[in-house]
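Visitor: I've got a model up on the screen. Could you walk me through it?

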Amino acid sequence: MLIKRIFDIILSFIALLILSPILIILAIIVLIFIGYPFLFCQVRSGKEEKPFKIVKFRTMTDACNAQGELLPDSKRLTNFGQFLRSTSLDELPELWNVLIGEMSLVGPRPLLLEYLPLYSKFQSRRHEVKPGISGWAQVNGRNAISWDEKFNLDVWYVDNQSIWLDIKILFLTLKKISTGDGVTPKDSPIMPVFKGSKK
């Protein structure tokens, strides 16, 4: 939708402009408490399953065990990193992904490429639209719901998307961020790895 793209460009540009001092401050703090580089870049699947590189603030260290292997994510997640995630401040650099057209402000969250073979045909429909910084699943449970529930909500968004729904989701996102509701799954600081759904 052309109107959605124009909406994304205008809002992401304004947000980057207004938030630039905060982005700079956060980058400096990440460098001090977590280390270099301050940005975390990872290839994710976008619209039509095309890969792109998502940009976020780092929330984990590069801590390794005695064998030189990276420790589990839950062990490398720092207190400041947890704060960034709980407030969604780690997602702010993704505004750049939105500005250049790789993402949208609203859409299914972009996930790892290794998940692509694990989706059912129904779940794969989440890639019919651009991935978003926030989405219908994020305002209806976020990480406190199961993968299957997330994907059902993602496909619901694909079938019901509109600029008015996007605006609603953005407002609900701000509300969720202010309360911290659903940021982390139960009994774990991070979302478990998706291993496929029962067909």
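Visitor: Is Trp147 buried or exposed?

Guide: This is a predicted model, where local features need pLDDT of at least 70, side-chain atom pairs count only at pLDDT 80 or more, and totals for chains, interfaces and linings use all residues. Residues are numbered from 1 along each chain as its sequence is written, and side-chain values use heavy atoms, with hydrogens and water left out. Buried means under 20% relative accessible area, exposed over 50% and partly exposed in between (1.4 Å probe, protein chains only). Trp147 comes in at 13%, so the residue is buried.

Visitor: How many aromatic pairs are there?

Guide: Rings of Phe, Tyr and Trp (its six-membered ring) pair if their centres lie within 6.5 Å; planes under 30 degrees apart are stacked, over 60 edge-to-face, the rest tilted. By that rule, the count is ten.

Visitor: What is the pair of Trp147 and Phe194 like: stacked, edge-to-face or tilted?

Guide: The ring centres are 5.6 Å apart. Their planes meet at 55°, so this pair is tilted.

Visitor: Which residues form one aromatic cluster with Trp147?

Guide: Phe194 is a member, and this residue is buried at 3% relative accessible area.

Visitor: Which residue has its charged end over the ring of Trp147?

Guide: A charge sits over a ring if NZ of Lys or CZ of Arg is within 6 Å of the ring centre and within 35 degrees of the ring normal. Here the charged end is 4.8 Å from the centre, and it belongs to Lys150.
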